[in-house]
Amino acid sequence: MLLANCATHASLKTVYYDLPLPSQLRLERGAIVIVLVSDLHSDIYGKDQSPLLSRVYEASPDIIVLAGDIFDDRASRLGTRLLLAGIKKDLPETPVFYVTGNHEYDGGDVDGILRELAGFGVTVLRDDYSAIEVRGVPVVIAGVDDPNKALADPLYNTAFADGPLRKAAAIDGYRILVCHRPEVAKRYADYGFDLLLSGHTHGGQVRLPPLVNGLYAPGQGLFPRYSGGLYRVGDASLVVSRGLTTRRPPFPRILNPPELVVITITSRQ
Ligand SMILES: [Fe+2]
């Protein structure tokens, strides 16, 4: 019975969340659609990522967010390259933003990874932010470098993020923060962000809905509070993706299929 519920790439699903735009902002038309890709760990879906890419295309995203652990320190980079190449080819106008995860630092070649991302036109946010406009709405998107940066750079302090993030959160518009680890993201909830986006947990690996929403997540331990789903943290919404890999850690995901997340933000009626 349990084996029948082990997640495979064939069980990939798209998870949808609908969120309201703050009342002081007005969309010119439609809705803001964000596709959140997290913890791919360079897995390859089907032939050349086509099942995953077709779900991304189906969402018609205005923004694509890569929330870390897209690459993996123990796997070839091919899977991630295929995904990024597909997005670049078929959604050339869609802005793509990336933050580091722990596994990108664990590989010891973050600079090489960042060069690859730049080659695919991806904007890397390392304790930094970008301001864009989507459907007439100013959108600020900030990103936090993974704390494992301190392993590569002993002079790095996570407090360095504070200044840029406070600046981003003070800009008028819809304010998004991307941070690989949800237990870190929630620290920034009261800065003034509307939406926090995370991954890292792999859904807590084993789920027993509706009783257990995740057994274990690194950084949070057993029965993690933010294992996957939509949460309210202060005035911010926090969306935690359960991620896309089915290989890590080396025991199966149970009742916990890999997921692509699609967030739709609409004006309040
Ligand atoms: Fe991670």
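1. The open sheet is built from 6 strands in the order 6-7-8-9-13-12, with mixed pairing. Strands here are DSSP E runs of at least two residues and helices are H or I runs of at least four, both numbered from the N terminus; two strands pair if DSSP finds at least two bridges between them. At the edges sit strand 6 (128-134) and strand 12 (229-233), each pairing on one side only. On average, neighbouring strands of this sheet are turned by 20° against each other, direction ignored. For that angle, axes are lines fitted to C-alpha atoms (for helices, over the stretch in contact), and values run from 0 to 180 degrees between N-to-C directions.

2. Before going further, a caveat: this is a predicted model, where local features need pLDDT of at least 70, side-chain atom pairs count only at pLDDT 80 or more, and totals for chains, interfaces and linings use all residues. Residue numbers start from 1 along each chain as its sequence is written.

3. Start with the hairpin. Strand 6 and strand 7 pair in the antiparallel sense over 7 bridges, and A131 stands opposite V140 in strand 7. The hairpin has 2 residues between the strands, and R135 takes a positive phi near 50° there.

4. On to strand 7 and strand 8. Strand 7 (residues 137-144) pairs with strand 8 (residues 174-179) in the parallel sense, over 6 bridges. The bridge partner of I141 in strand 8 is I176, and that of G143 is V178. Helix 6 (residues 162-169) packs on the sheet and touches strand 6, strand 7 and strand 8; its direction makes about 165° with that of strand 7. Contact here means that the C-beta atoms of two residues, placed from the backbone, lie within 7 Å.

5. Burial is worth a look. The cut-offs: a residue is buried if 20 or more other C-beta atoms lie within 10 Å of its own, exposed if 12 or fewer, and partly exposed in between, with C-beta atoms placed from the backbone.

6. On its other pairing, strand 8 runs parallel to strand 9 (residues 195-198), joined by 3 bridges. There I176 has L195 as its bridge partner in strand 9.

7. Leaving aside neighbours within four places in sequence, V140 is in contact with Y129, A131, A168, I171, G173, R175 and I176. The C-alpha atoms of V140 and S130, 10 residues apart along the chain, are separated by 5.8 Å.

8. Zooming out, the protein has 7 helices and 14 strands. Its radius of gyration (over C-alpha atoms) is 17 Å, close to the 18 Å from the globule rule for 269 residues, so the protein is as compact as a globular protein of that length; the rule is 2.2 Å times the number of residues to the power 0.38. The C-alpha trace spans about 50 × 45 × 40 Å along its principal axes. Of the 269 residues, 43% count as buried. Among contacts with a separation of 6 or more, 73% come from residues 24 or more positions apart.
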